[in-house]
Structure formats: structure tokens, C-alpha cells
Amino acid sequence: MNSHSSAPHLRIFPDEQQAAVFAATVIESRIRARAAEGKFAVLGLATGQTPLAVYRELVRRHRTNGLSFQNVITFNLDEYCGLPPEHPQSYRFFMERELFSQIDIAPEHTHIPDGMGTAAEHAVRCRKYEAAIRAAGGIDLQILGIGRTGHIGFNEPPAGPETRTRCVELNALTLADNARFFGAEESVPRQAVTMGVGTILEAKEILLLAFGEKKADVVARALQETPAEECPASWLQQHPRCTWLVDAAAGAKLAEENFSQ
Ligand code: PGA
């Protein structure tokens, strides 16, 4: 058995699509449960390749199953510094294109860190971002991907569980991994604003998704090594309600018998 008292739950799916459908089902049930109480559901959202199939499935359910986002408030994990919202590689642009423009969420209920401005402005805005999450009642359900550096959000190593929303330098491996979206590595912004590991750990429930063999090593490290700043995702072992949804390739290096399904 895993030695951690709150062992992360792990589900290994045959493929990414089945994991995405599972994640969408959890998200839908949390939204509908809150709606039945006349309350808002607060979702923490991620960008990158990983959550795309989840967003496609949510859009499909909105169009065909009557899933409404009118009672949803969202907070995204991160944003590149120096990219305005209308930049095609900004995470605001990504979220509008992949999700927000296709569902019935109120624009004023969507929050993404602001990557523009000076260091002093970032410091003020980062505190306000944390305050806005608290004012919304905290994040009910956080969706996460994981970078090959072990980052969640853009919390590159080293990052501990006390870190809050702030401006960070991106790791060289992350710059290389994200160069595909920018055409060239030199064009990838060097800094980003990200929720902290501590901010993420305060979510009431977390779903981490990881797909493909490129993620197999980091998934094994994050789940099986003692939590440490060198692998920020490893702190998720200390979260009481974190479920890892991986495909067979990303789960290939796990000792599966160590985890509850
Ligand atoms: P990806 O990024 O989904 O594009 O692989 C994940 C991450 O960096 O968190």
C-alpha cells in the first residue's frame, strides 16, 4: 500500500478520450449539484494540449445535453507575461476559442491572470487574484495538466506548497516544449503569472490529467517519490481529494498496485 495516508486516486484509461469523458462527467455533476442548490460552481481551469478533449466534451454536452454554465465561475491557472488577451498564444485567447465562446458562461465570471504590466502591477494583481478566488468561496474543482518539469500551473521546480499566485521564470524544458505553439523557442515568453502550489492545494477537489509516453516519467516521479520542491506536482500527494486520470502510455512507469482505483 502507498505509505501516504491520503494516497492519490489513480485511474488508468485505455485512451485520452475516455479519460476526458470521465473528467467531463465529474465536472458536469459538480455543476449540476451546485445548480440544484441555487449556487455557483467554481472551477479551476488549465490550458495546453491536455484539457482540450475535456473542453470539447463539455461543449458537446452544452449543445446536446442542456449542460449550462450560467452558474459557473472559472479561475485559470496561469498566463504568459507580455501577451495581451488578443494574442493568439495567450491563454485568455485559448480559453475563449476552446471553451468560453462556445458555452453560456457570463464573461465576467471567467478569470485569467493578467500577464501585462510591470512587476509592481503583477504583485498587486496576484494578491487580488487570490482574493477573488477566496471571495468566490474557493475553487470547488481544479483541472490540472502536468509539465515534464513536474510543473502544475507554471510552478517550475523548485516550488513548495507555500507558494502563492506570482510571476515566475519558465524552465528551459518548458520553453522547448511550448516552442511548437510559437514557431520558435525564442518567441516563447520567458515569464508567466501562475497560481501557486499552495493556491492549487486549497482547491476542494482536483483532477490531474496526463497523456502520452512523454509524461510517463514525470507521472511516476510525482506519484511515487516523496513530495519535494524538485517536482511541484508531487505535493498533490498531500491533497485529500486528488484523482489522477492518465492514459496507458502516461501510466506505463507506475507501480499500479500501489494506488487505489
Ligand atoms: P500540455 O502541457 O498539456 O500541453 O502537455 C501541460 C502543462 O505544461 O501543464
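**Note on the ligand site and the sheet**

1. The shell around the ligand consists of one nonpolar, six polar and two charged residues. Here Ala, Val, Leu, Ile, Met, Phe, Trp, Tyr, Cys and Pro count as nonpolar, Asp, Glu, Lys and Arg as charged, and the others, Gly among them, as polar. The shell is made up of Gly48, Gln49, Thr50, Gly145, Ile146, Gly147, His151, Arg180 and Lys215, a residue being near if one of its heavy atoms lies within 4 Å.

2. The model is predicted: local features need pLDDT of at least 70 and side-chain atom pairs pLDDT 80 or more, while totals for chains, interfaces and linings use all residues. Residues are numbered from 1 along each chain as its sequence is written, and side-chain values use heavy atoms, without hydrogens and water.

3. The distance is 2.4 Å for threonine 50, 2.6 Å for histidine 151 and 2.7 Å for lysine 215. The protein buries 82% of the 280 Å² that the ligand exposes when taken alone (Shrake-Rupley method, 1.4 Å probe).

4. Seven strands form an open, parallel sheet in the order β1-β10-β9-β6-β2-β3-β5. Strands are DSSP runs of E, at least two residues, numbered from the N terminus; two of them pair if DSSP finds at least two bridges between them. β1 (9-13) and β5 (110-111) are the edge strands, each with a single partner, so one side of each has no neighbour in the sheet.

5. β9 (residues 205-210) pairs with β10 (residues 242-247) in the parallel sense over five bridges. Isoleucine 206 has cysteine 242 of β10 as its bridge partner.

6. The peptide bond from proline 157 to proline 158 is cis, with omega near -5°. Proline 158 belongs to the loop between β6 (141-144) and β7 (166-169).

Methods
A polar contact is a pair of N or O atoms within 3.5 Å; within protein, one must be able to donate a hydrogen and the other to accept it, and residues adjacent in sequence count only if both atoms are side-chain atoms. Helices (H or I, at least four residues) and strands (E, at least two) are DSSP runs, numbered from the N terminus.
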